Amino acid sequence: MNKTIRRASVFSLLLVLALLVRATWVQFYEGQALADNKNNRRNAIEQYAYPLGDIIVAGEAITGSERTTGSDLAYKRTYKDGTLYAAVTGYSSQVYGATQLEGIYEDLLDGTDTRLKNPVDTVTGKRADPGDVVTTIDPDVQKAAYDALGGKKGAAVAIDPSTGKILGLVSTPSYDPSEISGTTDSAAWKALTQDSDKPMTNRALRQPLPPGSTFKLVVAAAALEDGLYSSVDTRTDSPNPYTLPGTTTVLSNENAAAPCENATIRTALQYSCNNVFAKMAVDLGQDKVKAMAEKFGFNDAELDVPVRAYESVYPSDMDKAQTGLSGIGQFDVTATPLQMAMVSAAIANGGELVSPHMVSQISDSDGNVLRDYDDSTDTKRIVSSSTAEQLQSAMVTVVEEGTGTNAQIAGATVGGKTGTAQHGENNSKTPYAWFTSYAKDDSSGKEVAVAVVVEQSDAARSEVSGNGLAAPIAKAMMRAALQQN
């Protein structure tokens with residue numbers, strides 16, 4: 001073989017080897033990346049080739065699938081009472097993806113979760129029948145919250161203190177996920193995403209706001225646990241008026257005639273005395289208040305229920321004046337309704353917080369349980385049983401004789417705390433109205449903990465209060481949870 005032919009043969013062989021290497025690289029490395037690419041149309045075609053599994057509330061599917069026409073995506077997602085349950089389900093869109101439970105359990109609901117495959121499916125590569133997501137939501141509690149919120153902008157959460165089950169989770173204004181589930185819904189999507197009221201924001205989990213006076217429960221818990229005061233009926237060292245340390249700012253109380261000077265914790269909660277809890281936070285110091293707040297769940301950036309909740313914040317590096325303001329739920333303190341429901345739940349449950357969750361179990365198409373979340377909850381001791389009992393008693397005083405009388409329920413013991421949080425520079429905007437509470441049926445012993453925030457309503461500014469706006473919503477939810485008529 002002459003030299004020229006030999007060189008040409010070697011070069012041709014190298015080209016063949018290069019082609020083989022490249023083909024192998026594409027097939028076994030880049031192939032998976034291409035398959036997983038969100039712009040790969042085949043993924044959407046496969047995902048929506050069959051009906052999806054369902055999200056279940058009280059044994060009934062609140063989702064479904066509908067056969068499409070004129071599209072290569074055979075089925076699209078449908079929702080029963082979509083606006084009622086949007087804060088729970090999220091959406092599953094052929095164009096815009098999936099969020100919340102729809103997104104978290106996407107593989108289960110479209111049948112691609114490996115836990116759904118039997119040995120034959122594994123060998124043949126056949127897609128398994130989709131599974132279902134069973135929620136903890138009580139439809140009566142959910143509807144009570146949604147109806148009571150009505151046209152208001154706000155959110156509400158209800159938790160079973162003994163199990164951590166989320167019984168209701170509502171955000172208003174809401175939206176119908178069915179309106180954006182197909183391929184021709186760009187106008188609806190644009191309208192929702194550009195709406196100034198942000199109907200797609202899950203206010204119950206993902207919009208932390210200043211909690212106002214509801215945070216006083218956390219400060220009171222810190223004072224009792226630290227031994228700063230021995231009981232809720234011990235008189236405090238609380239001058240009225242109280243000037244924030246290092247400033248000329250004098251804290252006023254909503255009720256100027258309230259007996260807030262050196263008031264006990266019970267009286268201070270009853271009348272929501274700012275001077276008492278601002279001074280108490282300063283006396284404790286920010287580190288002790290922060291430690292107690294974090295035990296309740298503040299500053300947790302990984303709170304999953306299983307939807308990831310945004311972090312509720314108790315700040316650091318404050319001076320004494322700022323620490324005083326934090327004691328009344330102002331300055332840079334923020335909380336979600338979920339977080340404030342967790343505070344009341346822990347107090348109602350004797351000082352123990354059961355991890356909140358809104359999925360009970362996931363199952364395959366035959367109803368076989370793949371994972372039971374009710375059996376895997378964590379329980380943490382937040383405060384002693386003695387502290388919890390004292391706070392329960394003081395919260396009952398708030399509802400029976402104080403600022404939370406609109407939450408009273410016949411046949412049930414109800415404890416609560418109101419809050420009106422400043423909004424805007426120099427409180428120039430309408431305040432936020434808060435209420436967090438618990439209720440226990442006097443005959444059955446059944447319990448529920450609730451938190452409500454009303455961000456905006458049609459009420460005049462002078463009428464905005466936790467008792468006036470938020471407490472009636474909490475009452476409706478608690479009655480539904482306790483099945484009170």
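Residues are called buried under 20% relative accessible area, exposed over 50%, and partly exposed in between (1.4 Å probe, protein chains only). The structure is a predicted model, in which local features need pLDDT of at least 70 and side-chain atom pairs count only at pLDDT 80 or more, while totals for chains, interfaces and linings use all residues. Residues are numbered from 1 along each chain as its sequence is written, and side-chain values use heavy atoms, with hydrogens and water left out. Helices (H or I, at least four residues) and strands (E, at least two) are DSSP runs numbered from the N terminus.

The chain is divided into domain 1 (45-135) and domain 2 (212-369 + 377-482). These bounds come from an automatic or database domain assignment. The contact between the domains takes 15 residues from domain 1 and ten residues from domain 2, contact meaning heavy atoms within 4.5 Å. The domain centres, taken over C-alpha atoms, are separated by 38 Å. The size of an interface is often given as the accessible area lost when the parts come together. Here, domain 1 and domain 2 bury about 1,000 Å² between them. Carbon and sulfur atoms account for 67% of that area. The value is the accessible area (1.4 Å probe) that two parts lose on being put together, summed over both. On the domain 1 side, Y105, D132 and V134 lose the most area to domain 2, together 36% of what that side buries. Zero salt bridges are counted between the two domains; a salt bridge is a side-chain nitrogen of Lys or Arg within 4 Å of a carboxyl oxygen of Asp or Glu.

Y105 lies in the loop between α4 (100-104) and α5 (106-110). Y105 is buried, at 7% relative accessible area. Leaving aside residues up to four places away in sequence, Y105 touches V133, P306, V359, I362 and Y373. P306 sits in the loop between β12 (303-304) and β13 (308-309). P241 is placed in the loop between α10 and β10.

I362, also touched by Y105, has R371 as its bridge partner in β16. Strands β15 (residues 359-363) and β16 (residues 369-372) run antiparallel and are joined by three bridges. Strands pair if DSSP finds at least two bridges between them. Five residues lie between the strands of this hairpin, where G367 takes a positive phi near 85°.

Helix α13 (residues 286-296) has Q286, V289, M292, A293 and F296 as its buried residues. Seen down the helix axis, they fall within an arc of 135°, so they line one face of α13. The arc is that of the directions from the helix axis to the C-beta atoms. An α-helix has 3.6 residues a turn, so residues three or four places apart point the same way. The buried residues of α13 pack against α10 (216-226), α12 (274-284), α14 (320-326), α15 (337-348) and β14 (352-354). Just after the helix, G297 takes a positive phi of about 130°. In the loop between α13 and β12 lies N299. N299 has a positive phi near 65° and is not a glycine. N299 is partly exposed, at 21% relative accessibility. N262, also not a glycine, has a positive phi of about 55°. N262 is placed in the loop between β11 (250-251) and α11 (265-271).

The structure holds 13 salt bridges. D374 pairs with K165, the closest N and O atoms being 3.6 Å apart. D374 lies in the loop between β16 and β17 (379-381) and K165 in the loop between β8 (153-159) and β9 (166-172), so the bridge ties together parts 209 residues apart in sequence. D374 is partly exposed, at 23% relative accessibility. K165 is partly exposed, at 28%. R203 forms a salt bridge with E455, with a closest N and O separation of 2.9 Å. R203 is in helix α9 (residues 203-206) and E455 in strand β20 (residues 447-456), 252 residues apart. Both R203 and E455 are buried. K279 and D237 also meet in a salt bridge (3.4 Å, N to O). K279 lies in helix α12 and D237 in the loop between α10 and β10 (242-243), so the pair ties together parts 42 residues apart in sequence. K279 is buried, at 13% relative accessible area, whereas D237 is partly exposed, at 47%. Salt bridges that share partners join D54, R77 and E102 into one network.
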